[in-house]
Each structure stands twice: as C-alpha cells, then as structure tokens.
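I opened the file to look up how the chain is put together. These are my entries, in the sequence I made them.

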Amino acid sequence: MPTITLPDGRTLDAPEGKRLVLALEDAGVDILHRCGGYAKCTTCRVSFSSGEPARMTVAERNRLADGGLIGQVRLSCQIPCDHDMTLKTVNRLTGTDYSDVGSRPEDSITPTPQWVDRPT
Ligand code: FES
C-alpha cells in the first residue's frame, strides 16, 4: 500500500490506485477540488518533495501548460496512488471564501486518462 508523507511528518496509507485527491481528503487533509476532479480548476494542486509521478494525464499536462504551472505543481485529481510520495497541498478551504471544497471527484480519474511522460 503506497505511503503518502506530508510536511508535518504525518503519513497516510493510501489504497493502491486510489486518486490522490481522495486519499488526502479521506484522511482528513484540507484540500480543494473545485471542479470535481476534471483537471479544470487546478485547486487540487500539490507540490512534491519526492516521488513525483513520471507520467501525467494529457488533461493535466494541458491544464498545467495553460496556467504556466509545468514543473511547479501537479494536480492530485489526476494522480493514482501507485507508489510512495512526499508532498504538500497548496490550496486549502480554510482561509478562502468558498463554502465547500467542491463536489467529490469520482473514484476513477476523469476525464478518461490518456498518459504521457511528465514534461521536463
Ligand atoms: S483540477 Fe479541479 S479538482 Fe483537480
């Protein structure tokens, strides 16, 4: 079972293949996902210290490229938990004007993923 390590040293055991955004949220981590996990809003972004996935979905690549975010953050709604990762969340509900974090993403990655290598 992959282990997710957070900046405060807390570790989460994430079920194999679970969407990272859901693994974080279900463990009580305050993380936004305003578009419901469709690689549109970038509010689910995370920053990796180690274990950044070598592949990404085309939807994630395109959205990060549009926002000038390639190489800076990743979208946790587009990442399956399939290896150990050390990361921090970036956008939290706490401190925003939003009334909620966004609708719950589906269990499977949406839109249907097409995989590409992570741009360098
Ligand atoms: S980009 Fe909107 S929830 Fe991930």
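This is a predicted model: local features need pLDDT of at least 70, side-chain atom pairs count only at pLDDT 80 or more; totals for chains, interfaces and linings use all residues.

**Entry 1. Conventions.** I take helices (H or I, at least four residues) and strands (E, at least two) as DSSP runs, numbered from the N terminus. With that settled, I place threonine 89 in strand 6. Residues are numbered from 1 along each chain as its sequence is written.

**Entry 2. Overall layout.** I listed two helices and seven strands. Read from the N terminus, the elements run β-β-α-β-β-α-β-β-β. The radius of gyration is 13 Å, close to the 14 Å that the globule rule gives for 120 residues, so the chain is as compact as a globular protein of that length. That radius is taken over C-alpha atoms, and the rule is 2.2 Å times the number of residues to the power 0.38. Along the principal axes, the C-alpha atoms fill a box of roughly 35 × 30 × 25 Å.

**Entry 3. Burial and contacts.** I call a residue buried if 20 or more other C-beta atoms lie within 10 Å of its own, exposed if 12 or fewer, and partly exposed in between, with C-beta atoms placed from the backbone. Of the 120 residues, 33% are buried. I count two residues as in contact if their C-beta atoms, placed from the backbone, lie within 7 Å. Among contacts with a separation of 6 or more, 73% are between residues 24 or more positions apart.

Entry 4. In what order do the five strands of the open sheet lie? The order is 2-1-6-3-5, and the pairing is mixed. I treat two strands as paired if DSSP finds at least two bridges between them. Strand 2 (11–13) and strand 5 are at the edges with a single partner strand each, so one side of each has no neighbour in the sheet.

I then went through the pairs.
- Strand 1 (residues 3–5) and strand 6 are parallel, over two bridges; isoleucine 4 has methionine 85 of strand 6 as its bridge partner.
- Strand 3 and strand 6 run antiparallel and are joined by four bridges; serine 50 is bridged to threonine 86 in strand 6.
- Strand 3 and strand 5 are antiparallel, over two bridges; the partner of valine 46 in strand 5 is arginine 74.

**Entry 5. Threonine 89.** Leaving aside neighbours within four places in sequence, threonine 89 is in contact with Leu24, Val29, Ile31 and Val46. I also checked threonine 89 against glutamate 106: they are 17 residues apart in sequence and 20 Å apart in space, C-alpha to C-alpha.

**Entry 6. The core.** By nonpolar core I mean a set of buried Ala, Val, Leu, Ile, Met, Phe, Trp, Tyr and Cys residues joined through C-beta atoms within 7 Å. The largest one has 20 residues, and Ile4, Leu20, Val21, Ala23, Ile31 and Cys44 have the most contacts inside it. Helix 1 and strand 6 each supply at least two residues of this core. The largest share, five residues, comes from helix 1.

**Entry 7. Helix 2.** In helix 2 (residues 58–66), the buried residues are Ala59, Glu60, Arg61, Arg63 and Leu64. They pack against strand 4 (55–57), strand 5 (74–75) and strand 7. After helix 2 comes glycine 68, with a positive phi near 65°.

Entry 8. I looked at the loop between helix 1 (20–26) and strand 3 (45–50), which holds alanine 39. Alanine 39 is not a glycine, yet its phi is positive, near 60°. Alanine 39 counts as buried because it has 23 C-beta neighbours inside 10 Å. Threonine 42 also lies in the loop between helix 1 and strand 3. Threonine 42 has a positive phi of about 70°, and it is buried, with 21 other C-beta atoms within 10 Å.

Which two residues does the cis peptide bond join? It joins threonine 110 and proline 111, with omega about -10°. Proline 111 is in the loop between strand 6 (85–89) and strand 7 (115–117).
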